[in-house]
Amino acid sequence: MCPVKYIELTMAKYLAQGFPAYQWTVNETAPWTPFTKRLEECRVALLSSGGISLRSQPPFNPGGRDDFSFREIPRDVDVKELVINHNYYDHTDAERDINCVFPIERLRDLEKEGYIGELAPFSYTFMGRIFRRGALQQEMAPDLVRRLKANKVDALLGVPA
Amino acid sequence: MVRVVGQAGIPTIYTGSARDIIEAVKPSRAVFVNFPLGHETGKPFDKPLQIAILKAAFETLKSAKLPGTIVDLPYQWRDGDDSWEKDALKRGEWVKSV
């Protein structure tokens, strides 16, 4: 196994297109909130950067960059109502089975099984591709935190795409 | 995103398929699934695999002791065949022209 070096390749690609070297954020430390509850009692929410929305919602701009918007996806959504708009990953398989990148049906299964306490009333999707780190840290992410706390979420599963 | 959430008092677990990006981001806890991008939580219609990946993620949520823990999951995209990794190198389609 030789994991693909996405950072090197992305940098090479941008350089080849004539852009200056992109400054990847490399964090020195990881944040930490201890996990102290029993998982069987936890309310879990899902966060995806896969550009997924409900058919009834405004779609994401698939080329979006610094798109700070979220979509709220209700826990009992019929997955046929989900659409993907995102130019930056191959979502052919996710369109056939959304659980490849947005495992909402599997989380409902885990809830039924009693493995997790419950799936939160809403999960969240966005586009990723956010280059304005300040706005992300000071506005967008705190907004998500507020929503998660309002929904009494005990743990967040984050799935990039 | 998950870093800010993790800082704000909500425990997080991240499932990723780009190990170098996980290492740079350093979420609180992560599992690495060595699949092509767009398959972070499994292969289409493979319900047992999807459940296994999620359970591995949640077990890591429960058991990780150190911030920045990354657990490498053993699942292979194609048993005994790593050629998809070279295809990913060539295609680079996650970076379309900006």
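This is a short tour of a predicted two-chain model, stop by stop.

Before you start selecting, note that residues are numbered from 1 along each chain as its sequence is written, and that chains are lettered from A and ligands numbered from 1 in the order in which they are written. Because the model is predicted, local features need pLDDT of at least 70 and side-chain atom pairs count only at pLDDT 80 or more, while totals for chains, interfaces and linings use all residues.

**Stop 1: chain A.** Select chain A, whose C-alpha atoms fill a box of roughly 50 × 35 × 35 Å along the principal axes. Of the 161 residues here, 35% count as buried (20 or more other C-beta atoms within 10 Å of the residue's own; exposed is 12 or fewer, partly exposed is in between, and C-beta atoms are placed from the backbone).

**Stop 2: the interface.** Now show both chains: 57 residues of chain B are in contact with 58 residues of chain A (C-beta atoms, placed from the backbone, within 7 Å). On the chain B side, select helix H3 (47–63), which gives the most, with eight residues. That side of chain B divides into 29 nonpolar, 16 polar and 12 charged residues; Ala, Val, Leu, Ile, Met, Phe, Trp, Tyr, Cys and Pro count as nonpolar, Asp, Glu, Lys and Arg as charged, and the others, Gly among them, as polar.

Stop 3: Select strand E7 (residues 155–159) of chain A together with E1(B): they pair in the parallel sense over three bridges (pairing takes at least two DSSP bridges). Here A:Leu156 stands opposite B:Thr12.

**Stop 4: the core.** A:Leu156 returns, with A:Ala45 and B:Val5, as one of the residues with the most contacts inside the largest nonpolar core, which has 61 residues (a set of buried Ala, Val, Leu, Ile, Met, Phe, Trp, Tyr and Cys joined through C-beta atoms within 7 Å). H3(B) supplies its largest share, six residues. Centre on B:Val5 and look for its contacts beyond four places in sequence, among them A:Ala141, A:Leu144 and B:Ile10.

**Stop 5: two loops.** Most residues other than glycine have a negative phi. A:Arg129, however, has phi near 55 degrees, in the loop between strand E6 (122–125) and helix H4 (133–150) of chain A. Finish at B:Lys26, with a positive phi of about 55 degrees. B:Lys26 counts as buried because it has 22 C-beta neighbours inside 10 Å.

Notes: Two residues are in contact if their C-beta atoms, placed from the backbone, lie within 7 Å. Helices (H or I, at least four residues) and strands (E, at least two) are DSSP runs, numbered from the N terminus.
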